[in-house]
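Thank you all for making time this morning.

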Amino acid sequence: MTTDVTVISMVTNKTRDAICQSVVPAIHAALQNQRIEFQRQPVTRDYIDWVVNETDTLTLAIDEVGHSSVIMLASRGTEARAAAARLANVAAELCRDFDAHTVFWNGSTTPIAVADFLAAGDTIADDGLAKARIVPRKVSANARIRSTRRRKATQMDNWMMTAVRAQMNGVTLEEIERMELEERRAKSAQMRLSAWAISFTTALIAAPLAIPLIVHNLVRGEDVRSGAMALGVAGLYAVLAQTGMAPSLPQIL
């Protein structure tokens, strides 16, 4: 039993990140259109493998050089003609999905225009079978480009953190207090009415606690949170006074 490898490379102007977002579903759709059984293998390298019809393999690798990206598809199967035709059909779908403009067949240095590749049908596959056997190599992205991207991303994060720290260090305690009061101030008419209702209810239970609360509402705006806290304290004192646990509280209240 012999095993032959067919390789198709497609050149597109899309970025590698844009291709990676949708290339796997595109390959799955292309294989399903051919009514082929396939199973994706775990990603353990810089490329992705599929098992096709339980015996053949399909490999995908993506590289980015400058402003262009290369999508490489390699097929290994026991029947060279069927594997090459299947690979050509998948490559044709990817050419349409990712606007590829040039195709290279089996590592040939002669480029093929996408329009010619799509119109050729099985002719290219037949010519490809006559070429020498191709052994796929491991394709990896340019290390310099990736390191440059990581460095720029790190610099951007550092700049953002520096700007945030400078902004926070420039805020005074008075500004923090003013922002907190503005955040706690009641905005809607319902909340303002609720704040005054709580203040008057507190005055019925404990006038000494209600007077500062009313002054606060008049000077700095209605504060529902402070009113609720004051009402809770007044209610606690009233309960303690009624149960006799704090005999002197009635005089204070």
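The protein exposes about 15900 Å², of which carbon and sulfur atoms supply 57%; accessible areas here come from the Shrake-Rupley method with a 1.4 Å probe, and for residues only the protein chains shown count as cover. Please keep in mind that this is a predicted model, in which local features need pLDDT of at least 70 and side-chain atom pairs count only at pLDDT 80 or more, while totals for chains, interfaces and linings use all residues. Residues are numbered from 1 along each chain as its sequence is written, and side-chain values use heavy atoms, with hydrogens and water left out.

Of the 253 residues in the protein, 33% are buried, where buried means under 20% relative accessible area, exposed means over 50%, and partly exposed is in between, with a 1.4 Å probe and protein chains only. The protein has 11 helices and 7 strands; these are DSSP runs numbered from the N terminus, helices being H or I with at least four residues and strands being E with at least two. If we take the contacts with a separation of 6 or more, 60% of them come from residues 24 or more positions apart, a contact being heavy atoms within 4.5 Å.

Let me turn to strand β4. How many of the residues of strand β4 are buried? In this strand, which covers residues 56–65, the number is 8 of the 10, so β4 is largely enclosed by the rest of the structure.

On one side of the pairing we have strand β3, residues 48–52, which pairs with β4 in the antiparallel sense over 5 bridges; two strands pair if DSSP finds at least two bridges between them. Within this pairing, W50 has L58 in β4 as its bridge partner, and the β3 and β4 hairpin has 3 residues between the strands, with N53 taking a positive phi near 55°. The other partner I want to show is strand β5, residues 68–77, which runs antiparallel to β4 and is joined to it by 9 bridges. Here D63 stands opposite V70 in β5, and the hairpin of β4 and β5 has 2 residues between the strands, with G66 in the turn at a positive phi of about 65°.

Staying with β3 for a moment, I48 is found in that strand and counts as buried at 15% relative accessibility. Leaving aside neighbours within four places in sequence, I48 is in contact with V24, R40, V43, L58, T59 and L60. The C-alpha atoms of I48 and L58, which are 10 residues apart along the chain, are separated by 8.3 Å.

Finally, the charged pairs. Taking a salt bridge as a side-chain nitrogen of Lys or Arg within 4 Å of a carboxyl oxygen of Asp or Glu, the count comes to 2 salt bridges. In one of them, D56 pairs with R86, with the closest N and O atoms 2.8 Å apart. Because D56 lies in strand β4 and R86 in helix α3, residues 80–97, this pair ties together parts that are 30 residues apart in sequence. D56 is buried, with a relative accessible area of 7%, and R86 also counts as buried, at 9%.

The salt bridge between R96 and E93 has an N to O distance of 3.7 Å, and both residues lie in helix α3, 3 residues apart, about one turn of the helix. R96 is partly exposed at 47% relative accessible area, and E93 counts as partly exposed at 28%.
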